[in-house]
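Please look over the sequence and the model before reading on.

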Amino acid sequence: MNNIYLYTIVGMGLFTLGLYAVIVHAHLLRKILAINVMGSGVFLVLVALAARNQGTAPDPVPHAMVITGIVVAVSATALALALMLRVRAKTGQAELSEESLE
Amino acid sequence: MTLLQLMFDTLLGFSLLWLAWQALTSPDLFRAIVLFIAFGLLMALTWIRLDAPDVAMAEASIGAGLTGALLLSALARLGSKNGSRAILEKKHQAGSMTENTKNQLPFRLLLMVLLLAVAAGLVYVVLTLPENIPGLGILVEENLESSGVSNPVTAVLLNYRGYDTLLELSVLLLTLLGVWSLGDMTKQHESFPGPVLSTLSRLLVPLLIMAAGYLLWVGAHAPGGAFQAGSLLGAAGVLLLLAGWRPGTRLAGLPLRISLVLGVAAFVAAGMVFILLGRQFLEYPPSFAGVLILLIEAAATLSIGITLAALFLGGRPKFSQPKFSRPKLNQPKSSQPKFRRHK
Amino acid sequence: MLVTEILSSLLLIAGAIFFLAGTVGLLRFPDVYTRLHALTKADNVGLGLVVAGLVLQAESWTVAGKLLLIWLLVLLASASIAHLVAKAARKKGIELWK
């Protein structure tokens with residue numbers, strides 16, 4: 001019982017940590033890492049809550065959703081990395097600052 | 001015993017938070033990525049603790065393995081563009097930092113307050129959730145007979161929530177189209193893999209393909225399935241690419257494209273056939289749902305594996321126009337495209 | 001039954017000690033080459049002991065076979081990866097620790 005809530009809170013901590021890093025860091029690769037950490041936090045909350053009922057097998061629907069989510073996360077990461085390399089090729093730096101947008 | 005388990009869970013939870021913090025703050029990007037991979041492996045351990053072996057396998061192979069490979073190869077390309085390795089981002093950051101040092105401290109304080117409010121709201125919502133809600137687990141269990149498989153996660157993925165999986169395969173395909181639209185495969189200076197890496201790939205690639213087939217088959221009644229199997233195929237592809245193999249120009253044309261859309265195509269075809277037979281889209285008759293799921297999963301595995309390997313390759317591989325020489329389609333299709341050494 | 005259980009726990013504990021030693025080496029050794037040495041050697045033996053301990057508890061021969069296969073694959077992968085990491089480090093010009 002206790003470990004379910006432990007993992008939910010860890011999941012929310014990961015989400016908040018990732019959100020902080022997305023806002024604070026300028027480098028795009030760091031932002032991509034941070035979004036992945038946020039995603040892991042969400043998955044952790046979902047799967048932990050799926051195991052909340054005692055004595056029964058965990059709910060398989062959130063498990064399936066999280067597997068879907070992991071695959072979508074890896075494809076989003078791949079696209080984001082390709083876009084980052086493109087930004088780097090165009091502007092010479094891998095971050096979004098005010099002057100690089102002009 | 002339960003105290004020991006609680007201690008282990010606490011330790012695991014704190015390690016997760018600590019690794020995530022380190023990965024997001026360490027100034028060296030290479031170090032940050034390695035820490036992120038370690039974070040993914042600990043996540044896989046967490047899924048096991050939460051009784052979700054299917055998710056653990058997907059996380060270990062996709063979340064930690066393939067994402068890590070993608071991040072590292074992107075970092076290498078980021079560094080190789082202007083000669084020096086632009087790994088230390090301190091120098092980069094120095095410029096943008098000085099601009100807003102004036103409002104740096106108040107900004108960070110405001111951010112902290114807002115984020116703490118977000119976190120407190122989340123904790124409040126989760127802790128006030130009603131306890132002992134049966135959820136959909138009972139419903140899944142009751143209908144498992146007619147789903148064609150006995151692993152509930154596979155039943156949800158391929159039968160009850162087939163729409164989700166179909167759309168997910170489409171997302172994967174769209175991503176690849178997005179990456180390809182950003183440019184062709186870059187001509188990177190080849191580093192010779194050396195005897196160890198090429199022997200390793202020769203030993204492991206057949207084993208990985210066999211393991212993918214095994215996971216696909218076993219997914220019907222035990223943890224496993226199309227996504228885990230597909231990610232193993234993807235790993236085999238990444239290993240081949242690392243060992244210096246590139247798809248030949250003929251294979252990169254039609255055969256590659258057909259195998260990329262095969263998963264979505266099989267899914268849609270299965271759905272459409274049952275509309276014509278007077279059923280709903282993706283509503284399988286229970287009598288041969290098992291066979292149908294296995295067929296769709298086999299097509300999806302192939303597509304997922306090849307898409308993931310193609311994402312690792314980066315841009316669109318060069319292919320010969322099928323104007324003069326049509327690729328022979330009557331050959332027996334192998335389950336993995338042949339790769340030819342790129343000279 | 002009891003004898004195999006005790007033997008299995010002993011093997012598992014011994015394996016854990018090897019892992020601990022390998023990790024201490026990873027954290028304390030001065031350069032990349034010595035760290036690789038600590039990790040691959042100690043952890044491979046540690047994993048071998050853990051696998052041996054688990055084989056004693058295995059329900060069937062197929063499970064035991066799979067466990068052994070995992071160990072062999074890890075041996076193959078870690079030996080090759082250690083070689084590749086060391087080669088990359090040499091190429092990058094990292095000096096040997098004296």
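## Chain C: overall form

Chain C has three helices and zero strands, and its elements run α-α-α from the N terminus on. Helices (H or I, at least four residues) and strands (E, at least two) are DSSP runs, numbered from the N terminus. This is a predicted model, in which local features need pLDDT of at least 70 and side-chain atom pairs count only at pLDDT 80 or more, while totals for chains, interfaces and linings use all residues. Residues are numbered from 1 along each chain as its sequence is written, and chains are lettered from A and ligands numbered from 1 in the order in which they are written.

The C-alpha trace of chain C spans about 55 × 25 × 15 Å along its principal axes. The radius of gyration of chain C is 16 Å, whereas a compact globule of 98 residues would have one near 13 Å; this radius is taken over C-alpha atoms, and the globule rule is 2.2 Å times the number of residues to the power 0.38. Of the 98 residues in chain C, 13% are buried (20 or more other C-beta atoms within 10 Å of the residue's own; exposed means 12 or fewer, partly exposed in between, with C-beta atoms placed from the backbone).

## Helix packing in chain C

The axes of helix 2 (residues 32–57) and helix 3 (residues 61–92) of chain C come within 10 Å and cross at roughly 180°. Axes are lines fitted to C-alpha atoms, for helices over the stretch in contact, and angles run from 0 to 180 degrees between N-to-C directions. Helix 2 of chain C and helix 3 of chain C are therefore roughly antiparallel to each other (an angle over 145 degrees).

## Domains of chain B

Chain B is divided into domain 1 (1–79) and domain 2 (153–322 + 335–343), with bounds that come from an automatic or database domain assignment. The C-alpha centres of domain 1 and domain 2 of chain B lie 25 Å apart. Their contact takes eleven residues from domain 1 of chain B and 14 residues from domain 2 of chain B, where contact means C-beta atoms, placed from the backbone, within 7 Å.

## A loop residue in chain B

Asp51(B) is placed in the loop between helix 2 (29–49) and helix 3 (53–80) of chain B. Although Asp51(B) is not a glycine, it has a positive phi of about 65°. Asp51(B) counts as partly exposed because it has 14 C-beta neighbours inside 10 Å.

Note on methods. Parallel < 35°, antiparallel > 145°, perpendicular 65-115°, else oblique. Contact = placed C-beta atoms within 7 Å.
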